[in-house]
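Please work through the following exercises with the sequence and the structure at hand. Each task is followed by a solution in steps.

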Amino acid sequence: LEESGKDKILYIVFSYQTPFGLAIDGHNYALDQFVADIWDEYLPMRVAAPTEVQPYFGFAQSEGGVYQGFIPLSAYREQPRARLIYSVWRLDAATPALAKGLVDKALLAEAHGLSGKACFDLNGNPAADYLYGAGNWDIYQAEHFARKVGLPILDDTNEQEFGSPPAPMRCDGAALYTGWYSLNHYNDAFSWNPGAIGIHLDSASAVNPRGGPNWVANAVSKGITITSGAIGEPYLDNLPHPDQAFLYLFEGANAGDALLRSTRLLKWMIMNIGDPLYRPFQGGLRTQT
């Protein structure tokens, strides 16, 4: 364990056999998110309650289009009474080559620019931003932000996912993706450009990043660069919010800050895969008129 640099990056090396979760009271919680509060400054050594929002989270109301402004994690830490928390990520995959490739693809995209389609898979049109309706609003607003910065868009409002008719059968050349929802399942309907980022709203999307039917393991094996998901039932509001994450990325954030500011709880169920220092839109993107 070593802490280094002005951004207080905490380097922790686990063995390949390190488990993904902590079994507590019959539930499986993400080990990574306990490391994120390794000094117990957010919570003592226990799981979060749904009301105990982590202090770096950016509050948002998707239907109303209201988003708290982005600040880097380093700037948050300069505030009085800031908690010393971390954005914890895994370079993890089915093979060492795939894990190493997560960094290689991030560096390639930073050097040459992230390009490709932004693909959005809603489950019907947005209704009320409440309960399951909140997921559609998050995806809808993520698409809205992608349109504003001029990315080419592929979207779908059928109940079926990409790859299942009548939804589009393919999302090729994807740079960005968010959508939902088949539990613990990946539809092989994508080709991922170097640097691609995808968030699939699924309560078992990251139960094992090294294999199985889950979305994260298969997306990584097929070439995605950044993804995030749940190792157990997180409840929808506690999955990463893709509208916030994409908005912050478009403003020039790195992946680590964008995802941490888009995730309500630590000491919970979420696992992040990829290089947190990857900044796909360095300097930010201008809104198209």
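**Exercise 1: The surroundings of Ala167**

Ala167 is in contact (heavy atoms within 4.5 Å) with Asp156, Asn158, Gln160, Glu161 and Phe162, leaving aside its neighbours within four places in sequence. The model is a predicted one, in which local features need pLDDT of at least 70 and side-chain atom pairs count only at pLDDT 80 or more, while totals for chains, interfaces and linings use all residues. Residues are numbered from 1 along each chain as its sequence is written, and side-chain values use heavy atoms, with hydrogens and water left out.

Solution. 
- Step 1. Helices (H or I, at least four residues) and strands (E, at least two) are DSSP runs, numbered from the N terminus.
- Step 2. Buried means under 20% relative accessible area, exposed over 50%, and partly exposed in between (1.4 Å probe, protein chains only).
- Step 3. Compare sequence and space: Ala167 and Thr157 are 10 residues apart in sequence, and their C-alpha atoms are 7.8 Å apart.

**Exercise 2: Cis peptide bonds**

Task: State which residues a cis peptide bond joins at an omega of about 5°, and which at about 15°.

Solution. 
- Step 1. Pro165 and Pro166 are joined by a cis peptide bond with omega of about 5°. Pro166 is placed in the loop between strand 8 (153-156) and strand 9.
- Step 2. Trp180 and Tyr181 are joined by a cis peptide bond with omega of about 15°. Tyr181 is in the loop between strand 9 and strand 10.

**Exercise 3: Positive phi values**

Task: Describe the backbone and the accessibility of Asp40 and Asn184.

Solution. 
- Step 1. Asp40 is not a glycine, yet its phi is positive, near 60°. Asp40 sits in the loop between helix 1 (31-35) and strand 5 (60-61), and its relative accessible area of 35% makes Asp40 partly exposed.
- Step 2. Asn184, likewise not a glycine, has a positive phi of about 55°. Asn184 is in the loop between strand 9 and strand 10 and is partly exposed, with a relative accessible area of 27%.

**Exercise 4: The nonpolar cores**

Task: Find how many residues the largest nonpolar core has and which element gives the most to this core.

Solution. 
- Step 1. A nonpolar core is a set of buried Ala, Val, Leu, Ile, Met, Phe, Trp, Tyr and Cys residues joined through side-chain atoms within 4.5 Å. The largest has 36 residues, and those with the most contacts inside it are Phe120, Leu151, Leu176, Ile197, Phe246, Phe250 and Tyr278.
- Step 2. Elements giving two or more residues to this core include helix 3 (96-112), strand 7 (117-121), helix 4 and strand 9 (171-179). Helix 6 gives the most, with 6 residues.
- Step 3. Setting aside neighbours within four places in sequence, Phe250 is in contact with Phe145, Ala146, Val149, Leu151, Leu176, Phe281, Gly284 and Leu285.
- Step 4. Another core, of 24 residues, lies apart from the largest one; among its residues are Cys171, Ala174, Trp215 and Ile273.
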